[in-house]
Amino acid sequence: MSESAVIKQKDNKFDFRKFANKYGIMVILLLMVIGMSLLTPAFYNPRNLINIVRQVSVIGTIAFGVTLIIITGGIDLSSGSTLALVGVIVANYASPEGSIFLAIVMGIIVGGICGFINGGTLATTGIPPFIATLGMFTAARGAALLYSGGRPISNLSDSFLVIGGGSVGFIPIPVILFLTMGFLTHVLLKKTKLGKYIYAIGGNEQAAMVCGINVKKVKILIYTYAGMMSAVAGIILTSRVSSGNPTAGIGYELDAIASTVIGGTSLTGGIGTIGGTIVGALIIGVLNNGLSLLGVSPYWQQVIKGGIIVGAVVLDVYKHKKK
């Protein structure tokens, strides 16, 4: 057999590790859907499946911003509190006498400011992202409680409620917004110079600085973007539940991080995709919905979810050791 034939034969040989790295997460999602459908027939109902995606839209939208941050090697613990702060502000402006446009603009601005403070603090002081965003985690929640007096703000206009409760055909508007935000973030990450800088910083921050990348500026931009994604999620949630609640979004930051990590984004930075994050968010959604239909205690659901997150991180560490 000639040398070229041997090389061709090697190229055609099925590489299980390569397949698992590329499509493993999608196979896991498919197996979970099949397994839940067999365990409970109510799961495989078109209305229930659409409901899963609708519920995932809030966590998934937050996770898009979190993905960019984690690719740079950072972390964001403030997204749930930012969502709550945006929610009460938007609810105050979205009353029947108020302006929907102004409510949305104010929400996006407030979310962006929270993210800008996160990015600016860690970029200029050099403190770890964990500490910087932990401060915003507490401050934004406190600001939401002060702004609302500790009570939910309701009496929203019917037009605003369409954002969370309306649909185009059979597709809910939250799902359309979720996919739109995902597409925009994918384009930013894969088709722009900023996206290349994000991967470069996550791969080797010192090398990125030597190459002339303004690391501080990039970090401020992506944390601001993540804050705006939390704001979009806050607007969707406020409209869906018909009120702005200062205690909303507790634990959402962990679900967003879990969606990102399960979707294949490396906590050590430099690796990650928006497509993976969408699949990761769907896995969290399928898990929550399926376990609820099976009557599993919410406490056990937390334990199971925690185990899956730890498993995803261990797998990520193992893959890096192999490389």
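This is a predicted model: local features need pLDDT of at least 70, side-chain atom pairs count only at pLDDT 80 or more; totals for chains, interfaces and linings use all residues.
Leu-177 is in contact with Ile-163 and Ile-236, leaving aside its neighbours within four places in sequence. Leu-177 sits in helix H8. Its relative accessibility is 27%, so Leu-177 counts as partly exposed. Leu-221 is 44 residues from Leu-177 in sequence, and their C-alpha atoms are 22 Å apart in space.

Stay in helix H8 and turn to the aromatic rings. The structure holds one aromatic pair. Its members are Phe-64 and Phe-178, with ring centres 5.3 Å apart and ring planes at 10°; the pair is therefore stacked. Phe-64 belongs to helix H3, residues 46-71, while Phe-178 belongs to helix H8, residues 173-191, so the pair ties together parts that are 114 residues apart in sequence.

Residues 160-185 are 73% helix and 15% strand, and the end C-alpha atoms are 25 Å apart. Residues 260-287 are 61% helix and 0% strand, and here the end C-alpha atoms lie 15 Å apart.

Next comes the surface. A nonpolar patch of about 790 Å² is made by Phe-19, Tyr-23, Met-26, Val-27, Leu-30, Leu-31, Ile-34 and Leu-38. Met-26, one of these residues, lies in helix H2, residues 16-39.

Charged side chains come next. How many salt bridges are there? The count comes to one salt bridge. It joins the side chains of Lys-219 and Glu-205, at 3.2 Å from N to O. Lys-219 lies in helix H11, residues 215-241, and Glu-205 in helix H10, residues 205-210, so the pair ties together parts that are 14 residues apart in sequence. Lys-219 counts as buried, at 15% relative accessibility. Glu-205 counts as partly exposed, at 30%.

Now the loops. Ser-95 has its place in the loop between helix H4 (79-93) and helix H5 (100-125). Its relative accessible area is 17%, so Ser-95 is buried. Which residues does Ser-95 contact, leaving aside its neighbours within four places in sequence? They are Asn-155, Leu-156 and Ser-157.

Asn-155 leads on to another loop, the one between helix H6 (129-148) and helix H7 (158-165). With a relative accessible area of 52%, Asn-155 is exposed. Its backbone also deserves a look. Asn-155 has a positive phi of about 60°, although it is not a glycine.

Ser-242 also has a positive phi, near 65°, and is a residue other than glycine. Ser-242 is found in the loop between H11 and helix H12 (252-262). At 33% relative accessibility, Ser-242 counts as partly exposed.

Technical notes. Residues are numbered from 1 along each chain as its sequence is written. Side-chain values use heavy atoms; hydrogens and water are left out. Rings of Phe, Tyr and Trp (its six-membered ring) pair if their centres lie within 6.5 Å; planes under 30 degrees apart count as stacked, over 60 as edge-to-face and the rest as tilted. Helices (H or I, at least four residues) and strands (E, at least two) are DSSP runs, numbered from the N terminus. Buried means under 20% relative accessible area, exposed over 50%, partly exposed in between (1.4 Å probe, protein chains only). Contact means heavy atoms within 4.5 Å. Patches are made of residues with over 30% relative accessible area and no salt bridge: like charges are joined within 9 Å, nonpolar side chains (Val, Leu, Ile, Met, Phe, Trp, Tyr) within 5 Å. Accessible areas come from the Shrake-Rupley method with a 1.4 Å probe; for residues, only the protein chains shown count as cover. A salt bridge is a side-chain nitrogen of Lys or Arg within 4 Å of a carboxyl oxygen of Asp or Glu.
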